[in-house]
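Visitor: Could you take me through this model? I would like to begin with how contacts are counted and then look at individual elements.
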Amino acid sequence: MQWWCSAQGVAWTWTWRPYVGVWALLLLMTVAYVRIARAAPPAERGPRSPRTWAFGAGAFCLWAALDWPLGALAAGYLASLHMVQFLLVGVIAPALLLLGLPVSAYLRLRTEPRMHAALRALTHPLIAFVLFNLVVAFTHWPAVVDGLMPSQLGSFAIDALWFAGGTVFWWPVVCPVPERPRFTYPLKIGYLILNTVASTAPFAYLTFSSLPVYATYELAPPIEGITKRADQQLAGILMKIGGGLILWTAITALFVRWYREDEARPARLREAG
Amino acid sequence: MHCVLAGRTLPFLFAAAALAGCGRGVEAGGEFRGEVLAEPIPRPDFILTDTSGEPFDFRAETDGHVTLLFFGYTHCPDVCPIHMGNIAAVLGDVGWRVRQEIKVVFVTTDPARDTPARIRSWLDRFDASFIGLRGSPAEVERIQRGMGLAPSVIQPLPEGGPADYLVGHAAQVVAFGADGPARVVYPFGTRQADWAHDLPRLVAVGP
């Protein structure tokens, strides 16, 4: 039995396989979340709270991306699904899980000065941007993918890097506590737009390469209905279009929030004055 | 000569190719990326039946052409479709001049299940010009032994019926030059980049 999905080189079958590492991770995450949520005020917890729903959606994304069948297909058969997995684990899930955390959890971090200082440094927008894009470039480098994907530990390392990179990337945008008052809505929007541009390099590399770049997927037992090259091109397109859609959704949400806050400001000033 | 049996050894081969490959599935062998043989394999002389039911004289029909000969079977879950798919993909890119100099011949190692129609339809998924041949197990074994390849072996599946089995077979594509003998073989792990590098060179060597 495998604890994490990896490239096995055996023909694909639709026979269900358990990946105990994924379940253990999700169980740990859920237990930790329940403990954190217990300390939160009632408005931020319970089944009606948007934060609970955001956490649930984030955990679901992780489970769907890492467990059978998507996890197994992405690890050893299709580069396009590997890209879907990246978008779920490295982009969507971190944003949703951060949105799911109660404000009190962020505030509690301030009581741990060392961790708070480290997080503050790591999640500086410039550093977060560079780190995330370094992680994306490193984890999509053919030598890294082909070297790590055949082992469970290697495959886990790639998933962990994606998730850590995504968390750092979204932190400055999602964190509800005003850690950086000068990182305003226009700057947050600019930060996300800049990232839509940064993904162009790996997109172009995958989409316009005339030969398959990953041995893992080129030499994998074939899946009916898609050639190796089409699979790789689809991976590149998914990275650009799928990633772009996620970022532009976030940009739209930020813009709406910014607009609403701006609209509400005169009323608040009137009440105060 | 070094022979590799596909089948149960594939997961190991796959991991080794992926780990060692890093963009290359085959060790460089001077001019070629395939495995250059110390002793060339003479072009074999045999007649089998093609997918239209006609006798196919291998030596006469492929004379003067670079010929990629592969022994496999259409139910193969991995090595055979990967080799055929990669060769077909690269042949689509090499240009008409190179393309017309190359013949691809697939000999089934599973004649019990591989009917001529099945071989034809399977090969057509890759390239309609690929030649499919069928003979008795004894004939095919004789040809393989003559070329120094390991003969194929039926590997029953533990949970399957009598028609559910794998066939362990030599996993390399043997590349005969237009001048006759084969000097290079392409084991499992050969990538499209390797084929794209070697096919024009194989043609350029000439008769």
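Guide: Two residues are in contact if their C-beta atoms, placed from the backbone, lie within 7 Å. Please keep in mind that this is a predicted model.

Visitor: Understood. Which residues of helix 3 of chain B meet helix 7 of chain B?
Guide: On the helix 3 side of chain B they are B:Asn86, B:Ile87, B:Ala89 and B:Val90. Their counterparts in helix 7 of chain B are B:Gln192, B:Trp195, B:Ala196 and B:Leu199.

Visitor: At what angle do helix 3 and helix 7 of chain B pack?
Guide: The angle between helix 3 of chain B and helix 7 (residues 192–205) of chain B is about 50°, and their axes are 9 Å apart. Helix 3 of chain B is therefore oblique to helix 7 of chain B. The crossing of these two helices of chain B is right-handed.

Visitor: Is helix 3 of chain B largely enclosed or largely open?
Guide: Helix 3 of chain B is largely enclosed by the rest of the structure, because eleven of its 13 residues are buried. Among the buried residues are B:Val79, B:Cys80, B:Ile82, B:His83 and B:Met84.

Visitor: Let us step back. How many helices and strands does chain B have?
Guide: Chain B has seven helices and eleven strands. Of the 207 residues in chain B, 47% are buried. Among contacts in chain B with a separation of 6 or more, 74% are between residues 24 or more positions apart.

Visitor: Turning to the strands, which way do strand 5 and strand 6 of chain B run?
Guide: Strand 5 of chain B and strand 6 (residues 102–108) of chain B run parallel and are joined by seven bridges.

Visitor: How many residues of strand 5 of chain B are buried?
Guide: Seven of the seven residues of strand 5 of chain B are buried. B:Val66, B:Leu68, B:Phe70 and B:Gly72 point one way, while B:Thr67, B:Leu69 and B:Phe71 point the other way.

Visitor: What joins strand 5 to strand 10 of chain B?
Guide: Three bridges join strand 5 (residues 66–72) of chain B to strand 10 of chain B, and the two run antiparallel. B:Leu69 has B:Val174 as its bridge partner, and B:Thr67 is partnered by B:Phe176. Strand 10 (residues 173–176) of chain B is covered on both faces: B:Val173 and B:Ala175 are buried on one side, and B:Val174 and B:Phe176 on the other.

Visitor: What about strand 10 and strand 11 of chain B?
Guide: Strand 10 of chain B also runs antiparallel to strand 11 (residues 182–186) of chain B, with four bridges between them. B:Val174 stands opposite B:Val185 in strand 11 of chain B. This pair of strands in chain B forms a hairpin with five residues between the strands, in which B:Gly180 takes a positive phi near 130°.

Visitor: A new topic: where is B:Pro116?
Guide: B:Pro116 is in helix 5 (residues 116–124) of chain B. B:Pro116 is partly exposed, with 18 other C-beta atoms within 10 Å. Not counting residues up to four places away in sequence, B:Pro116 touches B:Thr51, B:Gly53 and B:Arg134. B:Pro116 and B:Asp50 are 66 residues apart in sequence and 7.2 Å apart in space, C-alpha to C-alpha.

Visitor: Finally, chain A. How do helix 7 and helix 9 of chain A cross?
Guide: The axes of helix 7 (residues 125–139) of chain A and helix 9 (residues 152–174) of chain A come within 8 Å and cross at roughly 155°. These two helices of chain A are therefore roughly antiparallel to each other, and their crossing is left-handed. The contact includes A:Leu131 and A:Phe132 of helix 7 of chain A, and A:Trp162 and A:Gly165 of helix 9 of chain A.

Visitor: Which peptide bond in chain A is cis?
Guide: The bond from A:Trp68 to A:Pro69 is cis, with omega near 5°. A:Pro69 lies in the loop between helix 2 (50–66) and helix 3 (70–76) of chain A.

Definitions and conventions
Residues are numbered from 1 along each chain as its sequence is written. Chains are lettered from A and ligands numbered from 1 in the order in which they are written. This is a predicted model: local features need pLDDT of at least 70, side-chain atom pairs count only at pLDDT 80 or more; totals for chains, interfaces and linings use all residues. A residue is buried if 20 or more other C-beta atoms lie within 10 Å of its own, exposed if 12 or fewer, and partly exposed in between; C-beta atoms are placed from the backbone. Two strands pair if DSSP finds at least two bridges between them. Axes are lines fitted to C-alpha atoms, for helices over the stretch in contact, and angles run from 0 to 180 degrees between N-to-C directions. Angles under 35 degrees count as roughly parallel, over 145 as roughly antiparallel, 65 to 115 as roughly perpendicular and the rest as oblique. A crossing is left-handed if the near helix is turned anticlockwise from the far one by less than a right angle, and right-handed if clockwise.
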